[in-house]
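Work through the exercises below with the sequence and the model open. Each task is followed by a solution in steps.

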Amino acid sequence: MSSLSYIIVIIIIISSALNFVHSRTLTETTSTATLDVTASLQKTQNVFSSSYNPKATPQAFNQQKQKQKQKQTLSSSSSSSSSSSSLTLELHTRTSFLRPTTHSHGDYKSLTIARLERDSARLKSLTTRLHLALTGILQSDLEPLGGRGQEQELDLQGPIISGTSQGSGEYFSRVGIGRPPTPAYMVLDTGSDVNWLQCAPCADCYQQADPIFEPASSASYSPLSCETKQCKSLDVSECRNDTCLYEVAYGDGSYTVGDFVTETLTLGSASVNNVAIGCGHNNEGLFIGAAGLLGLGGGKLSLPSQLNATSFSYCLVDRDSDSASTLEFNSPLPPNAVTAPLRRNPKVDTFYYVGVSGLSVGGESLRIPETAFEVDSGGNGGIIIDSGTAVTRLQTETYNSLRDAFVEGTRGRGLASTKTNGVALFDTCYDLSSKTSVEVPTVAFHFPNGKVLALAAENVLIPVDSTGTFCLAFAPTSSAFSIIGNVQQQRTRVAFDLANSLIGFSSTKC
């Protein structure tokens, strides 16, 4: 072989190494994880049990208020510097206050299918929002229904933006609205920026767990004028008698429309004044019990932005659990957190993108180009982390690689998948009815800084019924981005270090 040919061969080898994660490279993670089948199935039965003991109750909110030792009042409207004060409030699963019954859901499988249907609607709303941003369609360019200037109409026809479509929010916080505070369940949503709740008088309101908020009962309720920076920050707004109207619409036709105001929010033991929030008088959709939504996205109107928070974190307990965890603002990253770069898409500021360099299954890295997880110059690609999406979605080619490696790994441990008998969006399922526990290949995310997040077995295989069917909790997508869903985040504290553009994962830190 000539010297030139030898050099060319070396260049090809190096180029291949830079563009692909080799399929036979062992990672530092353990190759298997243990799934406790018996415990997982017991949880599916406990959800329908009369002994299920939800923690999210009005009494719990009142007890939390009584325990506070010192009232802390913060203002979010005038300070341009970050607040160093820490805020903490409890976080609850949907089932902890909307307990499923055999009447509302015949069994756990029907409950699972309902969840997955909500999840599909959620995905549609997120991808549509990104599509509008990438195609340059400005939401403010769309006309209100019936044209501008109709002051008597609250019906604004806007585009579709991200949110808790069809009640897809699975995690809620108990928040006090107004002064004195009226407790209300609010959906936690990192895919939205606008905070809102249903308000009286209702032209059209869906059913919620608490009484509808009465603005007249709050001494801190204050409408925003059309010239305020908060009103001008809305994607869709309209003016009526110099007061600001807002609209947030969702991918399935659900929406909320009403007055854009400032209010006092009570978060745990602290009260925050002058928070811009939508007071919805016309609301449509199956939001399932929640009074409204807390937007935790990266936009100007999100709660973290209005608090001038340097960070926030949450820990998502198992969705079938009756226990609570916390949502925290301005708390430091846990010292042993696995960190990854927190990135943004210049085309849309709401979503939080994670710097991912690869995936591994069973200790072997998948042959996936790193560009599969990067945002390109047009704003496509990348992988976001989202509290409202349940199942992690991967680009089809990436998903196929992960699924095939997982199936091969389970086959080597005596487990045969039943791909032809999938459940809803899951195409790879297993009959574990005769097992008490099984070893499954470890699935791990790899980050550019060399850190590795290995998922617990319960975050990879989940029960879809109470009889022993477990499915791989990932799904393919043809949308412009991938999503790390909340099934993969459960039992992990996820911390967003906004000041240092880092995201941290701390397992079992609930």
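**Exercise 1. An open sheet**

In what order do the four strands of the open sheet lie, and is the pairing parallel or antiparallel?

Before starting, note that this is a predicted model, in which local features need pLDDT of at least 70, side-chain atom pairs count only at pLDDT 80 or more, and totals for chains, interfaces and linings use all residues. Residues are numbered from 1 along each chain as its sequence is written, and side-chain values use heavy atoms, with hydrogens and water left out.

Step 1. Strands are DSSP runs of E with at least two residues, helices are runs of H or I with at least four, and both are numbered from the N terminus. Two strands pair if DSSP finds at least two bridges between them.

Step 2. The order is β18-β17-β23-β24, and the pairing is antiparallel.

Step 3. β18 (364-365) and β24 (452-454) are the edge strands, since each pairs on one side only.

Step 4. Between β23 (residues 443-446) and β24 there are three bridges. Phe445 has Leu453 in β24 as its bridge partner.

**Exercise 2. Aromatic pairs**

How many aromatic pairs does the structure hold?

Step 1. Rings of Phe, Tyr and Trp (its six-membered ring) pair if their centres lie within 6.5 Å; planes under 30 degrees apart count as stacked, over 60 as edge-to-face and the rest as tilted. The structure holds nine such pairs.

Step 2. Take Phe351 and Phe481: the ring centres are 5.7 Å apart and the planes meet at 75°, so the pair is edge-to-face. Phe351 is in strand β16 (residues 348-354) and Phe481 is in the loop between β27 (474-477) and β28 (482-484), so the pair ties together parts 130 residues apart in sequence. Phe351 and Phe481 are both buried.

Step 3. Next take Tyr352 and Phe496, a tilted pair with 4.9 Å centre to centre and 50° between the planes. Tyr352 lies in strand β16 and Phe496 in strand β29 (residues 492-497), so this pair ties together parts 144 residues apart in sequence. Tyr352 and Phe496 are buried.

Step 4. Ring pairs join Tyr352 and Phe496 with Phe312, Tyr314 and Phe329 in a cluster.

**Exercise 3. Helix α4**

Check the span of α4 and describe its ends.

Step 1. The expected span of a helix is 1.5 Å times one less than its number of residues. For the 27 residues of α4 (residues 108-134) this gives 39 Å, and the end C-alpha atoms are 39 Å apart, which agrees.

Step 2. At the N-terminal end Asp107 is the cap, with a side-chain oxygen 3.3 Å from the backbone nitrogen of Lys109. A polar contact is a pair of N or O atoms within 3.5 Å; within protein, one must be able to donate a hydrogen and the other to accept it, and residues adjacent in sequence count only if both atoms are side-chain atoms.

Step 3. Gly136 follows α4 and has a positive phi, near 80°.

**Exercise 4. Backbone exceptions**

Which peptide bond with Arg179 is cis?

Step 1. Most residues other than glycine have a negative phi, and most peptide bonds are trans.

Step 2. The bond joining Arg179 and Pro180 is cis, with omega about 0°. Pro180 sits in the loop between β4 (171-177) and β5 (182-189).

Step 3. The bond from Ala200 to Pro201 is cis, with omega near 0°.

Step 4. Asn241 has a positive phi near 55° and is exposed at 60% relative accessibility.

How values were computed. Buried < 20%, exposed > 50% of the residue type's maximum accessible area, 1.4 Å probe, protein only.
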